[in-house]
Amino acid sequence: MSLSGKINITCSKCRKDYEATVYQTVDTALHENVAKDIITWELFRQTCPHCGNTVTLNYPLLYHDLQRKAVVWVAPVEPGREAKLAEMRKNMALPDHTTRLVAGLDQLREKVSALETGRDDRVLELLKWSLVQNLQKQMPDFKLREVLYLYLDGEEGFHFYSTDGRYLHSPLVQEQYDFVKTKFAKQLKILEGKPYPEVNYLWASTLWANA
Ligand SMILES: [Zn+2]
């Protein structure tokens with residue numbers, strides 16, 4: 001099932017109103033190319049019909065990939081989030097699905113990328129953590145703002161963004177991926193089957209701390 005709705009937007013440039021489509025759920029079976037449109041932000045881009053000004057919307061949504069039996073739930077950090085999460089974990093458990101909870105659309109882009117490449121997102125987060133440690137050792141002046149695993153234009157890799165607008169890119173190295181996957185095989189086995197876990201940088205740092 002795919003659900004969408006209309007919202008009114010006031011253009012930040014010309015101050016005129018227009019209607020935009022937002023999605024409550026997206027289903028890969030019903031939206032052609034939706035994975036690509038999410039990774040490239042296309043799905044969330046709105047263009048003002050009056051002046052052509054483009055904005056990107058950020059909102060909660062449920063991503064369902066029936067073929068891969070995966071659900072990613074985007075739930076922004078806000079008051080009452082924990083209660084909502086508990087309810088969701090109880091009522092929307094999908095035992096035969098891989099379920100994930102993310103806080104925003106950049107994290108959704110990462111999870112969708114991992115689904116597209118067939119990678120284990122947990123291994124990617126663990127690998128990402130160790131890449132960041134290396135980067136900070138080699139380039140201490142690169143103050144990291146964000147790092148994302150993305151599958152763009154047929155290439156997968158890690159994208160590093162600094163607080164002062166610098167950008168670095170490193171392709172995924174299969175040997176490193178395999179190393180991390182083997183190193184944490186036991187811990188990852190224990191974590192299987194929990195509804196809507198948050199598999200992110202913080203999660204990875206906790207596992208490395210106990211490695
Ligand atoms: Zn406008």
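**View 1. Ala70 and Thr98 face each other across two strands.** In this predicted model, Ala70 stands opposite Thr98 in strand E7. Strand E6 covers residues 70-74, and five bridges tie E6 to E7. The two strands run parallel. How many of the five residues in E7 are buried? Look along residues 98-102 and you'll find that four of the five are, so E7 is mostly covered.

**View 2. From E6 to E7 by way of a helix.** Now follow the chain through helix H2, residues 81-91, which sits between E6 and E7 in a β-α-β unit. Which hand does this unit have? The unit made by E6, H2 and E7 is right-handed.

View 3

**View 4. Where E2 meets E5.** Zoom in on strand E2 (residues 17-27) and strand E5 (residues 61-65), and you'll see them pair in the parallel sense. Three bridges link E2 with E5. As a landmark, find Val26, which stands opposite Tyr63 in E5.

View 5. Is H3 largely enclosed or exposed? Count its residues: 10 of the 13 are buried, so H3 is largely enclosed by the rest of the structure. Among the buried ones are Leu105, Leu108, Val112 and Leu115, but also Arg109, Glu110 and Lys111. Just after H3 comes Gly118, with a positive phi of about 75°.

**View 6. A hairpin with a glycine in its turn.** Strands E9 (residues 155-162) and E10 run antiparallel, joined by five bridges. Which residue in E10 is the bridge partner of His159? It's another histidine, His169. Four residues lie between the strands of this hairpin, and Gly165 takes a positive phi near 85°. Strand E10, residues 167-171, is hardly covered: the count of buried residues among its five is zero.

View 7. Trp41 lies in the loop between helix H1 (34-39) and strand E3 (45-47). Its phi is near 75°, a positive value in a residue other than glycine. Trp41 has 14 C-beta neighbours inside 10 Å, so it counts as partly exposed. Tyr196 isn't a glycine either, yet it has a positive phi of about 50°. You'll find Tyr196 in the loop between helix H6 (185-190) and helix H7 (201-209). With 19 other C-beta atoms within 10 Å, Tyr196 is partly exposed; being buried would take 20 or more.

**View 8. Gln176 in helix H5.** Gln176 has its place in helix H5, residues 174-183. Because 14 other C-beta atoms lie within 10 Å, Gln176 is partly exposed. Met139 is 37 residues away along the chain, and the C-alpha atoms of Gln176 and Met139 are separated by 20 Å.

Notes. Residues are numbered from 1 along each chain as its sequence is written. This is a predicted model: local features need pLDDT of at least 70, side-chain atom pairs count only at pLDDT 80 or more; totals for chains, interfaces and linings use all residues. A residue is buried if 20 or more other C-beta atoms lie within 10 Å of its own, exposed if 12 or fewer, and partly exposed in between; C-beta atoms are placed from the backbone. Two strands pair if DSSP finds at least two bridges between them. A crossover is right-handed if, with the strands pointing away from the viewer, the path from the first strand over the helix to the second runs clockwise.
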